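Me: I have just opened this one and have never looked at it before. Could you walk me through a few places in it?

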Amino acid sequence: MWDNIGFLDSKRETSELATKQANHQFVKTDVPGRLDRLPWSKWHWLIVCGLGVTWVLDGLQVTLQGAIGAFLSSKEALGLSEDQIGISASCYLTGAVIGALGFGYATDRFGRKKLFYITLIVYLSAVLLTACAWNWYSYCAFLAMAGAGIGGEYAAINSAIDELIPARLRGTVDLIINSTYWLGAVIGSAATLVFLDPKIIPAWLGWRMTFAIGGVLGLGVLVIRHWVPESPRWLMTHGHNEKAEQIVKHVEDLVREEKGSLPPVTEPPLYLVQRHHTPWDEVFRTFLVTSRTRSILGLVLMSAQSFFYNAIFFTYGLVLNKFYGVKPDRIGEYIVPFALGNLLGPILLGRLFDTVGRKKMIAITYAASGILLAITAYLFENGMLTAQTQSLAWVLICFIASSAASSAYLTVSELFPLEIRAMAIALFYALGTLVGGVAAPAYFGHLIASGSRASLATGYFLGAGLMCVGSIFEWIFGVDAEQKSLEQISPPLVTRTDDDESKPDESSMPESETGPEVSPEISPDVSLDPPLQ
């Protein structure tokens, strides 16, 4: 009798498993391992250039806002007050929050590549409209729209970069790409020296022309992105395994042609259940239950760096003008070295995040940034700095802080599964910006308007304290993610392990799903990279 019951139970379980397999497509894939073993090549440089330019555009946009802040207060421009300038910066960040959340969800649902174009077109349209603003309200509205485009770019671009770059170099490359934000700042600063000089261009026209630079760069990016493929990692979890295999094979052929034979694949294959979207209950359970500690860490790191940078940079021009008497048309001269310090930090320190380790380097850079800002705040409050020494102090602080800020984006991208990676980047960027960014420019604009060094120093001390808190959280809850594949750090939600009863018998799987075999014909809707000469 008991044997018969056991037989019936076994039959029932087999039937349930068959139903599962009928509803979901199982696949065995080694796509992640094949991408991670690739040597650095021209194809990787194409990815860096095609996707990394996003940060150049954001740096350009924010620099222009910071540099023209004092300029917009003149009657020849829009005649804005200091409070209005601070609020307009908050409008840009609010737009970025909304854009990040909306486009971040769409990136995980519909793919990385589609959103590359949509978010960039939104930004291009908005930045050209900003140049046509006729009053404070229109200026704020168009800035919010530009922010929405850039916020959406954050989610799509950061997730794609981390999914396409080899694991052993991911930290270095990610930090360097994020640092190109400051290349945009250098371009913007240099542009203001020409466009905001009333001796060269009339005051009413010059500030408007600065925004056209972003439009020109954005058009160039649209062309480059035509050659950037969809993320094979995204494709393999969304029912497009053949397309993922085709893209990886094409990339391997390009790299093999340049570098010769490829290293062997050392990572074990993954067994996945393919589906077209992730249920919301699973999304919330991941963020709030299974990965709750990682969620708290991501929120703390993003909030601290957001308040820190938005506090300093959005009001950079106002501080130099209000407390040191620097003329608005000369502020760009001070921003250039500041931006170069931020640019060089991740370039020189980035490799340490892959060798010394993520946890140690993130904790060190956050703590060092906070301590240095606190010292500078004390010197500023007591009138011990000049415009030159104040700028030099900011250069030194941000040489370290830029690596810390970039590592926050790297952290939230690595610590969450592939299916919700873009959403995680968007969510913690949005929450961090709301907590530390949207309020910071308006708050510091108010402090500057008061004319009190003590009040402004208090704001700087607050930023320093947040960075130190971020360091403590990283030291306690951080993850040693260096040189590990994304799937090792956080397996996809649809992963099936060897001891998982729901994993199908490999012998029963269709032949096309038991390995990296590729159809000899490549479907016409797959975006592939051209051979690089």
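Reply: What follows is a short tour of a predicted model, taken one topic at a time.

Me: Let's start with the helices, then. How far does helix H4 reach from its first C-alpha to its last?

Reply: Helix H4, which runs over residues 82-110 and has 29 residues, reaches 42 Å between those two atoms, and this is close to the 42 Å expected at 1.5 Å a residue. Just after H4 comes Gly-111, which takes a positive phi of about 115°.

Me: And Thr-130, where is that, and is it buried or exposed?

Reply: Thr-130 has its place in helix H5, residues 112-130, and it counts as buried because its relative accessibility is 0%.

Me: What does Thr-130 touch, leaving out residues up to four places away in sequence?

Reply: Counted that way, Thr-130 is in contact with Tyr-139, Phe-142, Leu-143, Trp-207 and Phe-211. Three of these names, Tyr-139, Trp-207 and Phe-211, come up again in the largest nonpolar core, where they are among the residues that touch the most other members.

Me: How many residues are in that core, and which helix gives the largest share?

Reply: The largest nonpolar core has 151 residues, and those touching the most other members also include Phe-308, Tyr-324, Leu-456 and Tyr-460. The largest share of this core, 14 residues, comes from helix H6, which covers residues 136-164.

Me: Pick Leu-456 from that group. What are its contacts?

Reply: Again not counting residues up to four places away in sequence, Leu-456 touches Val-319, Phe-323, Phe-380, Phe-444, Leu-447 and Ile-448. One of these, Phe-380, also has Arg-453 lying over its face, at 4.7 Å from the ring centre.

Me: Switching to rings: how many aromatic pairs are there?

Reply: The count comes to 18 aromatic pairs. In one of them, Tyr-181 and Trp-182 have ring centres 4.7 Å apart and planes at 70°, so the pair is edge-to-face.

Me: What about Trp-394 and Tyr-460, how do their rings sit?

Reply: Their ring centres are 6.5 Å apart and their planes stand at 70°, so this pair is edge-to-face. Because Trp-394 lies in helix H18 (residues 387-414) and Tyr-460 in helix H20 (residues 453-477), the pair ties together parts that are 66 residues apart in sequence.

Me: Are those two buried or exposed?

Reply: Trp-394 is buried, with a relative accessible area of 1%, and Tyr-460 is buried with a relative accessible area of 3%.

Methods. Residues are numbered from 1 along each chain as its sequence is written. This is a predicted model: local features need pLDDT of at least 70, side-chain atom pairs count only at pLDDT 80 or more; totals for chains, interfaces and linings use all residues. Side-chain values use heavy atoms; hydrogens and water are left out. Helices (H or I, at least four residues) and strands (E, at least two) are DSSP runs, numbered from the N terminus. Buried means under 20% relative accessible area, exposed over 50%, partly exposed in between (1.4 Å probe, protein chains only). Contact means heavy atoms within 4.5 Å. The expected span of a helix is 1.5 Å times one less than its number of residues. A nonpolar core is a set of buried Ala, Val, Leu, Ile, Met, Phe, Trp, Tyr and Cys residues joined through side-chain atoms within 4.5 Å. Rings of Phe, Tyr and Trp (its six-membered ring) pair if their centres lie within 6.5 Å; planes under 30 degrees apart count as stacked, over 60 as edge-to-face and the rest as tilted. A charge sits over a ring if NZ of Lys or CZ of Arg is within 6 Å of the ring centre and within 35 degrees of the ring normal.
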